[in-house]
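Biologist: Please take a close look at one helix pair and at what surrounds it. Give the cut-offs as you go.

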Amino acid sequence: MTISVKPQQTGEPLFYLADEHPHPEGWSTSLGFWIYLMSDCLVFAILFATYGVLGANYAAGPAPKDLFDLNLVAINTSMLLLSSITYGFAMLTMQQGRVGATQAWLAITGLFGLAFIGIELTEFAHMIHEGATPQRSAFLSSFFTLVGTHGLHVSFGLVWLVTLMTQVWRFGLIEANQRRLMCLSMFWHFLDVVWIGVFTFVYLMGMLR
Amino acid sequence: MNTDTHAAAAAHHHPDQHAHGSLSTYLLGFILSVALTAVPFWLVMSGELGNKQVTALVIMGFAVVQIVVHMVYFLHMNTASENGWTMMALIFTIVMVVIALSGSLWVMHHLTTNMMPIHEMSGMK
């Protein structure tokens, strides 16, 4: 909060309070969490840049066309998109104070997230089985780093989701829990935004090469 | 929550006063996202546009639009929340991301085109 003070023309001394007045708990959480997300965004930007630079260096190994299955990626994308809207429903029911409905939507969100991770791990296992390991070429190193980092974020989001469901189950939709659910909401939707970049830049444009 | 009440609430922050969506905005965002995801996939899988370069540019355009849709309808970005500081942080991040991405690609592209292949270099001695 800023208090505007007119410039002093009279030369009178101006006093400011040295200590800030007390703030309610969690008043700055959403801004702080947003700044964390932005720093995470920079991490992904660097991984995208790395993939952009190294993505065409196949070292005579498999290229995107040999490895990617767009049908699978489309299913994966829809899983993440559906989990985004169900998390939105969880937030709406949370605002109405309906604990049971909130928990149900959170559980559905978690299942979609789990399906996403499952499909991604199946894809990775399939690629590694065919010899397309992260060690094979610069393209695959940067691919696994970028997509793996995103998958790791989703996995940690799932752990966080289960933690918050336990919190809500034990303490209900208290203000602190609402704040936590709001942070996870921002995190979850942010991961969906990153995935838009992944499926466009890595998968779709990889198939165009 | 409209901007007027938000500006009034901004005087003293409270987690409850964070911008929330409604059922209709979530559903609108979802429908837009589905369309903006399905079209690029269809364009690449069917090869409808023929030209690969044009297809790449078009799907990048779709991605940018979808990111904005997610920001507005799911992340509830607006210029008023937290007295504009979230928007400030976002703009700063976008500038950094653009510099990092375009700078890396530009520099490394020139490096690749200007570096001589190894077999030509061996003939120079």
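Modeller: The axes of helix 5 of chain A and helix 6 of chain A come within 10 Å and cross at roughly 160 degrees. Axes here are lines fitted to C-alpha atoms, for helices over the stretch in contact, with angles from 0 to 180 degrees between N-to-C directions. Helices (H or I, at least four residues) are DSSP runs, numbered from the N terminus. The two helices are therefore roughly antiparallel to each other, a label for angles over 145 degrees. Their crossing is left-handed: the near helix is turned anticlockwise from the far one by less than a right angle. The residues of this contact divide into 18 nonpolar, 5 polar and 1 charged. Ala, Val, Leu, Ile, Met, Phe, Trp, Tyr, Cys and Pro count as nonpolar, Asp, Glu, Lys and Arg as charged, and the others, Gly among them, as polar.

This is a predicted model: local features need pLDDT of at least 70, side-chain atom pairs count only at pLDDT 80 or more, and totals for chains, interfaces and linings use all residues. Residues are numbered from 1 along each chain as its sequence is written, while chains are lettered from A and ligands numbered from 1 in the order in which they are written.

Now the core. The largest nonpolar core has 60 residues, and among those touching the most other members are Phe48(A), Leu146(A) and Phe199(A). Such a core is a set of buried Ala, Val, Leu, Ile, Met, Phe, Trp, Tyr and Cys residues joined through C-beta atoms within 7 Å. Buried means 20 or more other C-beta atoms within 10 Å of the residue's own, with C-beta atoms placed from the backbone. Elements that each supply at least two core residues include helix 5 (138-171) and helix 6 (175-208) of chain A, and also helix 2 (23-46) and helix 3 (52-73) of chain B. Helix 6 of chain A gives the largest share, 20 residues. Phe199(A) touches Val73(A), Thr77(A) and Leu204(A), not counting residues up to four places away in sequence. Contact means C-beta atoms, placed from the backbone, within 7 Å.

Last, the contact between the chains. It takes 41 residues from chain B and 44 residues from chain A. On the side of chain B, helix 4 of chain B gives the largest share, 12 residues.

Conventions:
A residue is buried if 20 or more other C-beta atoms lie within 10 Å of its own, exposed if 12 or fewer, and partly exposed in between; C-beta atoms are placed from the backbone. Two residues are in contact if their C-beta atoms, placed from the backbone, lie within 7 Å. Angles under 35 degrees count as roughly parallel, over 145 as roughly antiparallel, 65 to 115 as roughly perpendicular and the rest as oblique.
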